[in-house]
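Q: Could you walk me through this one? I'm new to it and would like to start with the overall layout.
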Amino acid sequence: EKEYLMLPGPTPVPPRVLRAMSEPLVNHRGPSFKKLIEEVTEGIQYVYQTKNDVLTLPSSGTGGLEAAIVNFLSPGDKVLALSIGAFGERFATIARNYGCIVEQIDYEWGTAANPDDVRTRLSADTKGEYKAVLVTHNETSTGVANDLKAISEARGNHPALLLVDSVSGLGVMDAKTDDWQLDVVVTAAQKGFMIPPGVAFVSVSPRAWKAYESSKAPKFYWDLGTAKKYLEKGQTSWTPPIPQYTALKEALKIFRDKGMDYIFTKQLYLRDITRAGVKAMGLKLVAADEVASAAVTAVWAPEGIEGKLINKKMREEYNVVVAGGQKKMENKAFRIGHLGYVQHVDMLVVIAALEMCLLDLGYPVELGKGVKAAQEVIMSRK
Ligand code: PMP
């Protein structure tokens, strides 16, 4: 049966990308892989809007986050971690586990980080004790996007590196790596990039490479200096997941053909359709409009209805797979992914199924109200 995978990752994979994965394997130390990784790296740099080095790692997003910590920091380093949800917490935890002294600012879930907090702390730090600021671009647990540009600018002349978790942001929402001076940006394949899980990408600015020289955190598999040396030969440090690279080559053609502006606009459009539909049903959204993510919409389950039941009913009765609430939002919210290989009418399917599920669960929704509001967004933007 046809299933609608409406998660904030893994996301649906376009058929042409899936087909590309079935190409015969090649020698990863030979000339065809060299050509492939060079082409793919250039394509990733296009999506990242960067001339910085971008390394590809055989891992999910979390491995990329770990690489961002172990390559540029040392035990005892003070870092400022901005946490607006489950993934902000995770990034801070990785730094803590590697011995960094983490000063964590916790924002209420559903809100964005305040760049003024960065400005205040860093401008008072005349000795340059903060070595890095850790920030999540798109907080997948709450559906809130941080203002990366403003956060970067808030550093002023402070030398702290800006380490960005853009696992669910890159390729979905604008992130101008070079213009906004984002030192290290981590993402993974299974979200905006529309390929199956298995590769993470990490961009490294010249400033970050300087920090790498003095980093004393233990590293081996994730050593980006090693990865860079191998990339110069057209290889990866270790045996790579080759089908992911052939998939990536195909997916990156889509980005090139469409252009980044088209993709960012489309993603905002899908967000607006989703939010209009959900709001019209009378449901409450976790994120306010001003900070709402273009990748995922988190919705509070109505009073008295368990979030998990909504997920279950959506899956069992309509084959629509949406994500649950995470950590403290477990069973209290659900999340609709709308990134990657998704189009406007897919959102109508989700909204229509949601209306029927909620009605079955005893929530007084008028059938078609959410769908109509979503359709109106589509009609108004023709
Ligand atoms: N950070 C963010 C913002 C994410 O959305 C995710 C995945 N949901 C991760 C990190 C972790 O990625 P992975 O599950 O691929 O390790």
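Predicted model: local features only at pLDDT ≥ 70, side-chain atom pairs only at ≥ 80, totals over all residues.

A: The domain assignment gives residues 15–257 to domain 1 and residues 259–380 to domain 2.

Q: How many residues of domain 1 are in contact with domain 2?

A: There are 23 residues of domain 1 in contact with 22 residues of domain 2. On the side of domain 1 that touches domain 2, the residues divide by class into 10 nonpolar, 11 polar and two charged.

Q: And what does UniProt say about domains?

A: An unreviewed UniProt entry carries the annotation "domain: Aminotransferase class V", which covers residues 4–327. Over that stretch the chain is 40% helix and 17% strand, with the end C-alpha atoms 24 Å apart.

Q: OK, switching topic: which residues touch the most other members of the largest nonpolar core?

A: That core has 119 residues, and those with the most contacts to other members are V79, A95, A132, V133, L134, V184 and V202. The core draws at least three residues from each of domain 1 and domain 2. As background, nonpolar side chains in soluble globular proteins tend to be buried together.

Q: Take A95, then; what does it touch?

A: Leaving aside residues up to four places away in sequence, A95 touches I69, L73, V79, A81, C100, V102 and L134.

Q: Which residues surround the ligand?

A: The ligand is surrounded by G9, S60, G61, T62, F87, T136, N138, T140, D165, V167, S168 and A188. By class, this shell holds three nonpolar, eight polar and one charged residue.

Q: Where does UniProt place the "binding site" feature?

A: The unreviewed UniProt entry places "binding site" at R335, a residue that sits in strand 14, which runs over residues 333–337.

Q: Is R335 buried or exposed?

A: R335 counts as buried, because it has 26 C-beta neighbours inside 10 Å, where 20 or more are needed. Not counting residues up to four places away in sequence, R335 touches P8, G143, V296, T297, A298, V322 and A323.

Q: What about D360, buried or exposed?

A: D360 is exposed, because 12 other C-beta atoms lie within 10 Å of its own, and the cut-off for exposed is 12 or fewer. D360 belongs to helix 12, which spans residues 344–360.

Q: How far apart are D360 and K313?

A: Their C-alpha atoms are separated by 9.0 Å, while along the chain D360 and K313 are 47 residues apart.

Technical notes: Residues numbered from 1 in each chain as written. UniProt positions renumbered as here; feature names shortened; annotations may be inferred. Helix = DSSP H or I, 4+ residues; strand = E, 2+ residues; numbered from the N terminus. Contact = placed C-beta atoms within 7 Å. Near = placed C-beta within 6 Å. Nonpolar A, V, L, I, M, F, W, Y, C, P; charged D, E, K, R; others polar. Domains from an automatic or database assignment. Core = buried A, V, L, I, M, F, W, Y, C linked by C-beta atoms within 7 Å.
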